Amino acid sequence: MRLGLFVNPTGHHQASWRHPDADADAGVNFEHYRRIAMLAERECFDMLFLADNQGVREADPETRSRVAQYIANLEPFTLLSALAAVTERIGLTCTASLSYNFPFQIARKFASLDFISGGRSGWNMVTSERGEEIGRAHV
């Protein structure tokens with residue numbers, strides 16, 4: 001069995017950042033991600049995954065302000081490169097959209113992460129489909 005951990009900064013519930021024990025600034029808190037990565041590696045997870053998108057989700061400002069996980073996050077390649085330095089074996093995977101990157105850019109980013117991590121990079125290959133990402137309100 002292979003185990004992968006899909007990391008959303010404060011959890012997968014949109015109000016999880018409000019929990020008293022949550023790191024409300026988790027999306028931009030390297031120490032938060034370092035602890036998660038090291039714990040996942042210690043507990044024998046094979047891979048850590050960070051989703052990414054190219055835009056802020058459509059919502060009225062009041063709603064959007066209550067859903068921190070979709071607004072303020074570290075850029076995944078930078079974050080995974082930093083996590084490579086504090087982990088030894090766990091795979092480091094993130095999303096990279098084919099809609100907003102040239103093939104050379106994607107290859108260079110993943111090759112860099114692969115060299116930095118000693119062969120531990122993984123790619124969640126997607127095309128962008130959400131309206132916010134492609135410049136339309138609806139797809």
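Predicted model: local features only at pLDDT ≥ 70, side-chain atom pairs only at ≥ 80, totals over all residues.
The structure holds 3 aromatic pairs, where rings of Phe, Tyr and Trp (its six-membered ring) pair if their centres lie within 6.5 Å, with planes under 30 degrees apart counted as stacked, over 60 as edge-to-face and the rest as tilted. The pair I want to show you is that of phenylalanine 77 and phenylalanine 110, which is edge-to-face, with 4.7 Å centre to centre and 75° between the planes. Phenylalanine 77 lies in helix α3 (residues 76–84) and phenylalanine 110 in helix α4, so this pair ties together parts that are 33 residues apart in sequence; helices here are DSSP runs of H or I with at least four residues, strands are runs of E with at least two, and both are numbered from the N terminus.

Residues are numbered from 1 along each chain as its sequence is written, and side-chain values use heavy atoms, with hydrogens and water left out.

Let me turn to asparagine 101, which is found in the loop between β3 (91–97) and α4 (103–117). Is this residue buried or exposed? Asparagine 101 counts as buried because its relative accessibility is 14%, given that buried means under 20% relative accessible area, exposed over 50%, and partly exposed in between (1.4 Å probe, protein chains only). A polar atom of its side chain lies 2.9 Å from the backbone oxygen of serine 97, and the side chain of asparagine 101 also makes a polar contact with the side chain of lysine 109, at 3.1 Å. By polar contact I mean a pair of N or O atoms within 3.5 Å, where within protein one must be able to donate a hydrogen and the other to accept it, and where residues adjacent in sequence count only if both atoms are side-chain atoms. Leaving aside residues up to four places away in sequence, asparagine 101 touches Ile106 and Lys109, contact being heavy atoms within 4.5 Å.

Now to the charged side chains. The count comes to 4 salt bridges, each a side-chain nitrogen of Lys or Arg within 4 Å of a carboxyl oxygen of Asp or Glu. In one of them the side chains of arginine 2 and aspartate 46 meet at 3.5 Å, N to O. Arginine 2 lies in the segment before β1 (4–7) and aspartate 46 in the loop between α1 and β2 (47–50), so the pair ties together parts that are 44 residues apart in sequence. Arginine 2 counts as exposed at 70% relative accessibility, whereas aspartate 46, at 23%, counts as partly exposed.

Another salt bridge joins the side chains of aspartate 23 and arginine 35, at 2.5 Å, N to O. Aspartate 23 lies in the loop between β1 and α1 and arginine 35 in helix α1, so here the parts tied together are 12 residues apart in sequence. Aspartate 23 is partly exposed at 23% relative accessibility, and arginine 35 is partly exposed at 40%.

Finally, arginine 42 forms a salt bridge with glutamate 43, the closest N and O atoms being 3.4 Å apart. Arginine 42 is exposed, with a relative accessible area of 58%, while glutamate 43 counts as partly exposed at 44%.
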